[in-house]
Structures are given as structure tokens and as C-alpha cells.
Amino acid sequence: MKVVHVAVAVIERENGDICIAKRADHQHQGGLWEFPGGKVEAGETITQALQREIHEELGIDVLAHSPLISVRYRYTDKHVLLDVHRIHQFEGEPHGKEGQPVVWCPKSQLKNYEFPAANKGILNALILPKQVAILDPISNEQVEYLTQSYAPDELVIYVRDENKSEFLTQLSDLKDKGYPVLQKNDPLMAHLTSAQLNSLEDRPDVIWLSASCHNEAEIEKANALEVDFIFISPVQVTPSHPGGDVLGWDKFQELAELAHMPAYALGGVDMQDMEHALALGAQGIAGIRAFKAE
Ligand SMILES: Nc1nc2c([nH]c(=O)n2[C@H]2C[C@H](O)[C@@H](COP(=O)(O)OP(=O)(O)OP(=O)(O)O)O2)c(=O)[nH]1
Ligand SMILES: [Mg+2]
């Protein structure tokens with residue numbers, strides 16, 4: 001089936017509210033709410049498509065945008081590639097130029113609206129931070145460094161250290177301060193190794209589920225289980241595996257687009273790679289060394 005390339009705009013106003021619109025009943029995925037946007041025409045850049053569609057649908061001018069997430073999604077009747085951008089700056093006041101209902105919605109209320117299935121990953125991309133610090137091993141020194149360097153909404157802390165019992169107090173302190181803490185087999189926020197991911201038939205019953213992925217098959221499995229976010233690795237050579245095979249950034253980008261959910265770049269990446277990773281559609285960077293004091 002031909003893939004329909006769609007430019008999608010997540011328009012945010014100063015107080016953080018997001019602009020959403022209701023699709024007409026006769027449209028594909030009709031009656032559901034959407035982020036405004038539409039098909040990229042032949043010869044158009046993504047910027048041109050965003051500017052044209054948003055002007056046609058809402059009567060405003062897009063002045064500045066940056067990539068949020070790209071999602072390939074196969075509906076039974078249509079295959080789409082949603083190229084989703086955050087609109088930071090615009091001129092005018094959005095209104096439904098095609099008669100469609102348009103509302104400003106606080107981020108925390110988006111979950112109360114019904115969106116097409118492909119949008120689940122977009123909603124998660126809006127909530128998740130750009131940084132995932134992996135603690136392996138966990139140390140008091142690193143926990144202190146992280147809480148001094150990052151606010152609770154800027155960081156997910158993934159405790160990969162299996163031997164963490166002496167740090168249980170520090171971990172509950174982190175949670176009390178509001179830091180999301182990801183652990184294997186946690187009832188709230190659980191992580192699956194690729195081996196666990198491959199062996200599962202159904203999604204475990206947790207609020208947030210993440211997984212490690214290394215190839216297409218694992219990403220398809222994460223899509224099927226509706227995993228909320230993934231780590232794609234190894235992107236580059238790491239000091240711990242100097243001679244190992246790596247994906248490289250081109251392959252990372254391809255895999256991230258195939259994933260329905262936000263994808264962090266992991267393996268041989270550090271904070272200096274952040275802009276590059278975001279430009280390729282990553283949610284951000286995950287790592288061990290990248291999140292240690294010098
Ligand atoms: N704009 C938009 N489209 C979405 C979202 N989620 C999602 O699955 N889609 C799908 C539905 C459609 O198959 C396709 C978007 O096409 P569209 O109908 O908006 O295209 P268009 O504005 O050029 O409109 P039209 O003239 O063809 O009706 O992407 C979303 O959040 N926003
Ligand atoms: Mg449209």
C-alpha cells in the first residue's frame with residue numbers, strides 16, 4: 001500500500017495548552033480529534049506543507065517549528081507516515097476555517113479526547129523528557145549529581161543495577177521528589193529487556209512500559225505490545241564494546257520512524273549528540289556515562 005506522508009502540527013501556546021481539532025465524520029479516522037495538518041504534496045518540503053496546511057485549516061502562520069516524532073502506522077485501509085512537528089511560534093489566532101471544532105487543551109487533559117490509534121506515540125512524546133539516565137551501577141554520588149543537574153520533569157532515571165537493595169531509601173526519595181524511576185518488573189514503570197520483549201505475548205499490566213530494541217523485528221514486537229517508549233541501541237561504538245557492531249545514525253533514524261512510540265538513542269552517545277538525535281526524530285538520549293559527573 002502506498003504510504004501517505006502527513007505533516008502534523010502540535011501547536012503550543014504560551015501557557016502550554018495544545019491546539020486540537022475534530023476531524024469531520026466523512027474523513028479517514030472521522031469523528032476523532034487530531035493535531036491539525038494534512039498531506040504533503042509532491043515537491044513540497046515539510047516546512048511548506050506545515051505552513052500551507054495550518055494556514056488552510058486554522059488561518060494562522062507558522063513561524064518556527066522543530067521535529068517531535070515520526071510515526072509510520074498501518075491502518076487496515078491506509079498507511080501513513082506522520083511527520084509531527086512542534087510549532088513554537090505562530091501568528092494569528094487559530095479558528096476552524098473548514099467548520100471543524102478547534103479547542104486549546106491543557107497537556108494533562110489530552111488523554112480525555114479520542115484520537116486515531118497512531119497518535120498514542122505523539123501523546124507520549126509530549127509528556128516524556130529528553131534525557132534518560134541509566135544507573136548501572138547505582139551510586140549515591142551519581143544520584144546526587146543527577147538531582148542537582150536535572151529537574152524531575154527533565155529526566156527518567158532507569159535503575160538497571162540488579163543489585164540495588166542498599167539504595168532502596170534513595171530510590172523512594174527520588175520518587176517522592178517526582179522523578180520517574182524505571183526498573184525491571186516495576187508495577188508502575190517497567191522495563192523489558194529485548195529477550196523479555198521477544199518472549200511476551202501480551203502487554204504486562206503497568207502504567208508505563210519501556211523496552212530495549214536492536215532491530216526491526218524487536219520494534220515490530222514493541223509496536224504490537226503497545227510499549228510506551230523504547231531505547232534503540234547500540235547507535236555508536238562504546239568504550240565497553242569497542243569492536244562491536246553498531247547501528248549508526250542512519251539506521252537509528254529508520255528504526256525510530258518504524259517505532260510507533262518515542263525512541264531514545266542509546267550506546268556511545270552523549271549530551272553533545274542531543275541536537276543531532278532530536279533532528280533525526282529521537283525523543284532524546286539515554287546513557288550511563290552521559291549522565292555522570294566528569
Ligand atoms: N492531521 C492529522 N492526521 C492524522 C493524525 N493522526 C492520524 O492518524 N492522521 C491520519 C488521518 C489521515 O489518514 C491522514 C491525514 O490526512 P488529512 O485528512 O488531514 O489530509 P488533508 O488535511 O490533506 O485532508 P483532505 O483534504 O485529504 O481531507 O493522517 C493527526 O493527529 N493529525
Ligand atoms: Mg487535515
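How do the residues of the shell around ligand 1 divide into nonpolar, polar and charged? There are eight nonpolar, five polar and six charged residues, where Ala, Val, Leu, Ile, Met, Phe, Trp, Tyr, Cys and Pro count as nonpolar, Asp, Glu, Lys and Arg as charged, and the others, Gly among them, as polar. Before going further, please keep in mind that this is a predicted model, in which local features need pLDDT of at least 70 and side-chain atom pairs count only at pLDDT 80 or more, while totals for chains, interfaces and linings use all residues. Residues are numbered from 1 along each chain as its sequence is written, chains are lettered from A and ligands numbered from 1 in the order in which they are written, and side-chain values use heavy atoms, leaving out hydrogens and water.

Let us stay with the ligand. Of the 19 residues around ligand 1, those that come nearest are His 28, Phe 35, Lys 39, Tyr 75 and Asn 119; a residue is near if one of its heavy atoms lies within 4 Å. Polar contacts (pairs of N or O atoms within 3.5 Å; within protein, one must be able to donate a hydrogen and the other to accept it, and residues adjacent in sequence count only if both atoms are side-chain atoms) are worth a look here. Oxygen atoms of ligand 1 lie 2.8 Å from a polar side-chain atom of Arg 23, 3.1 Å from one of Glu 57, and 3.3 Å from an N or O atom in the side chain of Gln 27.

Now turn to strand 8, residues 131-135; strands (E, at least two residues) and helices (H or I, at least four) are DSSP runs, numbered from the N terminus. Gln 131 lies in this strand, and its side chain reaches the backbone oxygen of Glu 154 at 2.7 Å. Gln 131 counts as buried because its relative accessibility is 8%; buried means under 20% relative accessible area, exposed over 50%, and partly exposed in between (1.4 Å probe, protein chains only).

Finally, look at the backbone. Most residues other than glycine have a negative phi, and most peptide bonds are trans. Here, a cis peptide bond joins Asp 136 and Pro 137, with omega about 5 degrees, and Pro 137 lies in the loop between strand 8 and helix 3 (140-149). Another cis peptide bond, with omega about -10 degrees, joins Ser 233 and Pro 234. Gln 29 has a positive phi near 60 degrees, and Glu 226 has one near 55 degrees.
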